[in-house]
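Here's a quick briefing on how charged side chains pair up in this protein. Have a look at the structure first, then read on.

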Amino acid sequence: MSRYRLPGAATIPVLPTDGRVKVLAHLFEPCDALNTLALEYLATGPFDNYDEVITLIKQLLIDLKDTDSPSNTAWLLKILAAHPRLGEKRIDSEHSRLEQASLTAESEEEGIKLKALNKQYEETFPGLRYVVFVNGRSRAVIMEDMERRIARGDIEVEKTEAINAMCDIARDRVDKLLPS
């Protein structure tokens, strides 16, 4: 795992901009759209803990989701698409690579099916990428969840699910990235 350690939550408002960018990149994924949305708010604080930081980001994302503005929707989709596709061969984020380790294909057919589900998901929900808190769940369980969500066909619910998953992932990362 990365040697990066999160600074104390109380120090976030006084970090230089690149320090706040690193916090966001490690909690979520590197994403210019998220930086643009959140950096100003992270500078205001105060934060007693990382749950407050993640709750702030979640509220900003929900606010984007709940507007009728096409530009806000596009902005939200950019942020949600920062997460890598499940089962991708090349994942730049070290955190995502480790989190997805349980999704290693047991067979070539499984790998092909996951790729097809990713494609079907993205065709069903244009602009979205399937985001889920893997947390050691098997590829079969994840694929069942993808199929269920595709069948449901509700893009607004999917946006909410993706926001919730991003925040669950961030909370899990906090536990791994705080100094011991």
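**Salt bridges at a glance**

Being four residues apart in helix 6, lysine 119 and glutamate 123 sit about one helical turn from each other. Their side chains meet in a salt bridge, 3.1 Å from N to O; the term means a Lys or Arg side-chain nitrogen within 4 Å of a carboxyl oxygen of Asp or Glu. The structure holds 16 salt bridges.

This is a predicted model, where local features need pLDDT of at least 70, side-chain atom pairs count only at pLDDT 80 or more, and totals for chains, interfaces and linings use all residues. Residues are numbered from 1 along each chain as its sequence is written, and side-chain values use heavy atoms, leaving out hydrogens and water.

**Pairs within a helix**
- Lysine 119 is exposed at 53% relative accessibility, and glutamate 123 is exposed with a relative accessible area of 53% (exposed is over 50%, buried under 20%, partly exposed in between, with a 1.4 Å probe and protein chains only).
- Glutamate 156 and lysine 159 form a salt bridge at 3.0 Å, N to O, and they lie three residues apart in helix 8 (residues 155–177).
- Glutamate 156 is partly exposed at 34%, whereas lysine 159 is buried at 6%.

- Glutamate 122 pairs with arginine 85, with their closest N and O atoms 2.8 Å apart.
- This pair joins helix 6 (residues 108–124) to the loop between helix 4 (70–80) and helix 5 (94–99), spanning 37 residues (helices are DSSP runs of H or I, at least four residues, numbered from the N terminus).

**A network**
- Asp145, Arg148, Arg149, Arg152, Glu158 and Glu161 are linked by salt bridges.

Definitions and conventions: Helix = DSSP H or I, 4+ residues; strand = E, 2+ residues; numbered from the N terminus.
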